[in-house]
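Hello,

Here is the structure we talked about. Please have it open while you read; my notes follow below.

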Amino acid sequence: MPVRLFVYGTLKAGFPNAHLNPGRRLPGRYLTAERLPLLVVRLPREARAPWLVHQPGEGHRVWGELVEIDEAALAEVDRFEEVGLPGGYQRVPLLLVREGDGERVEAFAYLKSPAQRAQCLAEEGPFEAYTPELAAGYWIRTA
């Protein structure tokens, strides 16, 4: 059974890690029902990475895409996002609103905990959307 996943950063179509997202994009633009801080951060092993931080009520309602993904592919994306590892993302349910008709949809999203902000060397934001301009300079050190 497919799972709905809200992607707001490098997993969106046209962004650096879109090739790791085999999900089927659902029509429309979606934004979080609650305000959350979307930051662009620099870490020792990462530069200009988008983080959606689990701090409801702070930041903005964030724009992204909604995809349907099967369980096996979701497990692969979980591995990429280091779900369950120290420093990794948490996959949590979020309530979304579709632009235009206001339909409310629940989907999973990858969020960072507020405590993880302490490890950032620098952060920019909060932003309403992760744009190509914000993605410029994104990289992950693999070695």
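Start with Ser113. Its relative accessible area is 15%, under the 20% cut-off, so Ser113 counts as buried. Keep in mind that this is a predicted model. Ser113 sits in the loop between S8 and S9. What does Ser113 touch, leaving aside its neighbours within four places in sequence? Val53 and Gln90 are in contact with it.

Next, helix H1. This helix covers residues 71-80. Ala73, Leu74, Val77 and Asp78 are its buried residues. Viewed down the helix axis, they fall within an arc of 150 degrees, so they line one face of H1. The face turned away from that buried side carries Ala72 and Arg79, both exposed.

Which strands do the buried residues of H1 pack against? Strand S1 (3-7) and strand S6 (63-69) are two of them. Strand S7 (90-98) and strand S8 (104-111) are the others.

Asp70 caps the N-terminal end. A side-chain oxygen of Asp70 lies 3.1 Å from the backbone nitrogen of Ala72. After the helix comes Glu82. Its phi is positive, near 55 degrees.

Now the aromatic rings. A search of the whole structure finds 3 aromatic pairs. One of them joins Phe6 and Tyr8. Phe6 and Tyr8 are both buried.

Another pair is Phe15 with Tyr130. The centre-to-centre distance is 5.5 Å. This pair is tilted as well, with 35 degrees between the planes. Why is it worth a look? Phe15 lies in the loop between S1 and strand S2 (24-25), and Tyr130 in the loop between strand S9 (122-127) and helix H2 (132-135), so the pair ties together parts that are 115 residues apart in sequence. Phe15 is buried, and Tyr130 is buried too.

Last, two arginines over rings. The charged end of Arg29 sits over the ring of Trp63, 3.9 Å from the ring centre. Arg91 lies over the face of Phe108. There the distance to the ring centre is 4.9 Å.

Best wishes

Note on methods
Residues numbered from 1 in each chain as written. Predicted model: local features only at pLDDT ≥ 70, side-chain atom pairs only at ≥ 80, totals over all residues. Heavy atoms only, no water. Buried < 20%, exposed > 50% of the residue type's maximum accessible area, 1.4 Å probe, protein only. Helix = DSSP H or I, 4+ residues; strand = E, 2+ residues; numbered from the N terminus. Arc of directions from axis to C-beta. Contact = heavy atoms within 4.5 Å. Polar contact = N/O pair within 3.5 Å; in protein donor to acceptor, adjacent residues only side chain to side chain. Phe/Tyr/Trp six-rings, centres within 6.5 Å; stacked < 30°, edge-to-face > 60°. Lys NZ or Arg CZ within 6 Å of the ring centre and 35° of its normal.
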